[in-house]
Amino acid sequence: MVRKIRDPWDIVHKDMTEEGIRRSFSSNLHYALAKDRYTATPHDDFLAVAIAIRDRIIERWILTQQHYHKKNLKRVYYLSLEFLIGRLLGNNIINLNLWDETKQAMAEYGIDLEGLRDLELDAGLGNGGLGRLAACFLDSMATLGIPAHGYGIRYDYGIFNQKIVNGCQVETPDEWLKFGNPWEFARPEYAQHVKFYGDTYMYHDKEGKLRVVWHNTEDVIAMPYDIPITGYKNNVVNTLRLWSARGSEEFDLEYFNHGDYEMAVFNKMFSENISRVLYPNDATSMGRELRLKQEYFFTAASIADIIRRFRSENSDFKTFHNQAVIQLNDTHPSLAIVEFLRILIDEDRMDWDSAWEITVKTFAYTNHTVMPEALECWPVPIFEKLLPRHIQLIYEINARFLREVANQYPGDIERLRRMSIIEEGYPKKVRMGHLAIVGTHSVNGVSELHSTLLKQQLFKDFYEFCPEKFNNKTNGITQRRWLLKANKPLSNLITESIGEKWAINLYELEKLLPLKDDRGFVERWQNAKKANKEHFANYIQQTMGIKLNLESMFDVQVKRIHEYKRQLLFALFVISQYLRFKENPNDSLLPRTFFFGGKAAPGYFMAKLIIRFITSIAHVVNSDKSVRDKIKVVFLENYRVSLAEKVFPASDLSEQISTAGTEASGTGCMKFMVNGALTIGTHDGATIEMADAVGLENIFMFGLKAGEVVQLKTQGYDPKQFIQRSPVLKVILRMIQNNFFSPSDPGLFDPLFGNLSQHDPFLVCADFDAYCKMQDIISKNYRDYNDWTRKAIVNVAKSGRFSSDRTIIEYAREIWDIPYQLPA
């Protein structure tokens, strides 16, 4: 007998008023947390208000999922190894349109809502732009009413916490779950068994067809945890499902009975290591195996869950691609292609051609790199040990694919070698990027330049073979987090001036253009920037003990520390400015405060040395009383989403200075732009499209272009030639060589000096003089602050194309074939 229940709206309807929030808050303290106003801690207050907001989300969540189920709607499944979702309280309050009500309700108890938000730990389930992009996409999909599910891993420890100790990066565990997560719901009823190791055997069934069985495996349980993803003011709530690894058995009773308690739980602990840490160190064979385990673990669990949901509403598997599309966020989830194919062939006993057709029609692939070394390649022996059935399928996929290539290009053995999924060598390797291209119907880059480079360089052979697969989808950011939530002074001014529709249609910001010549509006804009700089300066004073000059330009580069992003170029410019102040103390040079922020991968020696170099520069500059109010250097420890929300609104100048042709897109540049910072940038990634949007008079572009970089390297790049032509660079390198920045540790920065003067793989020396020249132009521009502000207004007004809503609409129209709807 089926038990009937009433519509959830008839069961409970949470009051969306200040009084309703206040009642829920008080009730949650008592009944959910067993506290009163005398025993409640500030964190209890945070949990109580988070649960109050969560309850209102749940109502909409259930209704949304019921709607998807009843209508049997086509769904998007977004697979990503990273989701850098950050804090959720403020975002959820804004999306439910409850900001004023919640703020007033908390004020009744003498509680500051902003203070409560700071108590929430960042969910650091990502390393940088890839994970933050995934989070922005989830926000946009919910806001556009697209039936979507995100899938990833619930890491016990996210991206490490960064401490700067004696100038060095020190990594500490990110225990983001130590106080629990009020937004997640365990779903043990949907747990999946994931297989590893074992062996395969082949046989012919009664119909004479070849069958393969994968057995003698070691199984791990994938436990799902669901986080609701709210749309903006539209009552849509989608789901982010994160998988946590659990041992298939709690303990081995035989070991336990013999008193060997450690061995009794060893297998359980070993299994659970899979979801323990984001990006384990893959410098060892065990580390590499664990990383591959992670990738298969979450893709296998996700595919099983996707198929389970499909079967609950459909019976004909040949219609699967009409009901689902699976988007792979970079190469990490590429194994999902093989796992999906394995289920269709081995478990559903579908013939190869039908199974492969459905697979290709179902999957789409987003590439996020232009550097071949960043594309994953896994040694075949690890595959054979860990996933013996999958390597067999990969060989078969490759053989069939190469036959198609050979038919089109007969006799071109070299082309076959380049396009093969298997890279020959010792050991042989599986090229995951090639697998992702072969097994999908769409391959997109994430900026116009990046997509062009994919077609002309990285995947040139594939583009020539199947050009119809390749397309561009320039990345974007959600304005609801990065402007509406992060920058209240500016977003309030914008809403007062042009209305609130920009929050769902960022192109509305173009209505600001006529106001750039309104003296009163310009002054209010400047006051908003001043308020943001004051807020950030207070934060720096409280957390770092550094007093900032609010009249100085806030010049900022915050992103993952990597040589191609050229924090080193920015650091060399800082030194040049310091030398100018020292040589001409009476000159009216523009005061600047230089901010660096970002984390280096724990095993990346050069990136960590660059951090040490920056902090050494900071020590020298900040200790020099003669330049105290003219120049200051700040390294922002433990850069993360919540800190980024303070940085972007306060910034005057955004440093986007990667070597041309190395940054796939970059989204930090867009966050600076929408918050009114001007950009100094190279002709790389999305910065090119920003320049096209705002006009070259409103952005500061410099340096070699991607084609010129290739040409210079082809001719034989020698950094010494550029050093000899640059007196300033020559002096700076001599200072580094003579240990000016490391007097107590001679030779510390010799690797930096040697790299720059002998190799300089990312052309720092080649672009240095052009960079300094453009910085001089910037200083002159900034002195006319009204004109600078007008340029800032133009940048914000022209940021519409860089909304993730626009990006997702393009995915929906051109790849997913799925409808969307803007909120009213």
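A helix axis here is a line fitted to C-alpha atoms over the stretch in contact, and angles run from 0 to 180 degrees between N-to-C directions. Keep that in mind for the first stop. The model is predicted.

**Stop 1: H25 and H32**

Select residues 605-623, helix H25, and residues 750-759, helix H32. The two pack at an angle of about 110°, and their axes are 10 Å apart. Angles from 65 to 115 degrees count as roughly perpendicular, so H25 is roughly perpendicular to H32. Now show the side chains. On the H25 side, pick Phe605, Met606, Leu609, Ile610 and Phe613. They meet Pro751, Leu752 and Asn755 of H32. By class, this contact has 7 nonpolar residues, 1 polar residue and no charged ones.

**Stop 2: H24 and H31**

Next, select helix H24, residues 567-583, and helix H31, residues 727-737. Their packing angle is about 100°, with 10 Å between the axes. H24 and H31 are therefore roughly perpendicular to each other. Which residues of H24 meet H31? Pick Leu572, Ile575, Ser576 and Leu579. Across from them, H31 brings Val728, Leu729, Val731, Ile732, Met735 and Ile736. The contact has 9 nonpolar residues, 1 polar residue and no charged residues.

**Stop 3: aromatic rings**

Show the rings of Phe, Tyr and Trp. How many aromatic pairs are there? The count comes to 39. Start with Phe401 and Phe462, a stacked pair. Their centres are 5.9 Å apart, with 5° between the planes. Phe401 sits in helix H16 (residues 388-408), and Phe462 in helix H20 (residues 460-465). The pair links distant parts of the chain, 61 residues apart. Phe401 has 7% relative accessibility, so Phe401 counts as buried. Phe462 has a relative accessible area of 2%, so Phe462 is buried too.

Move on to Tyr463 and Phe470. This pair is edge-to-face, with 90° between the planes and 5.7 Å centre to centre. Tyr463 is partly exposed, at a relative accessible area of 29%. Phe470, at 10% relative accessibility, counts as buried.

Then select Phe570, Phe573, Phe594, Phe596, Phe702 and Tyr771 together. Ring pairs link these residues into a cluster.

**Stop 4: a covered helix**

Select helix H14, residues 352-362. How many of its 11 residues are buried? The answer is 8, and the helix is mostly covered. Colour the buried ones: Trp352, Ser354, Ala355, Trp356, Ile358, Thr359, Val360 and Thr362. What do they pack against? Bring up helix H12 (320-323), strand S13 (324-329) and helix H13 (335-347), which are among the partners.

**Stop 5: Asp776**

Now find Asp776 in helix H33, residues 764-783. With a relative accessible area of 31%, Asp776 is partly exposed. Asp776 and Gln724 are 21 Å apart in space and 52 residues apart in sequence.

**Last stop: confidence**

Colour the model by pLDDT. The mean for the protein is 93, and 95% of its residues reach 70 or more. Where does the pLDDT fall below 50? Look at residues 1-12. Beyond near neighbours in sequence, that stretch has 9 contacts in the model.

Note on methods:
Residues are numbered from 1 along each chain as its sequence is written. This is a predicted model: local features need pLDDT of at least 70, side-chain atom pairs count only at pLDDT 80 or more; totals for chains, interfaces and linings use all residues. Side-chain values use heavy atoms; hydrogens and water are left out. Helices (H or I, at least four residues) and strands (E, at least two) are DSSP runs, numbered from the N terminus. Angles under 35 degrees count as roughly parallel, over 145 as roughly antiparallel, 65 to 115 as roughly perpendicular and the rest as oblique. Contact means heavy atoms within 4.5 Å. Ala, Val, Leu, Ile, Met, Phe, Trp, Tyr, Cys and Pro count as nonpolar, Asp, Glu, Lys and Arg as charged, and the others, Gly among them, as polar. Buried means under 20% relative accessible area, exposed over 50%, partly exposed in between (1.4 Å probe, protein chains only). pLDDT is the predictor's confidence in each residue, from 0 to 100. Rings of Phe, Tyr and Trp (its six-membered ring) pair if their centres lie within 6.5 Å; planes under 30 degrees apart count as stacked, over 60 as edge-to-face and the rest as tilted.
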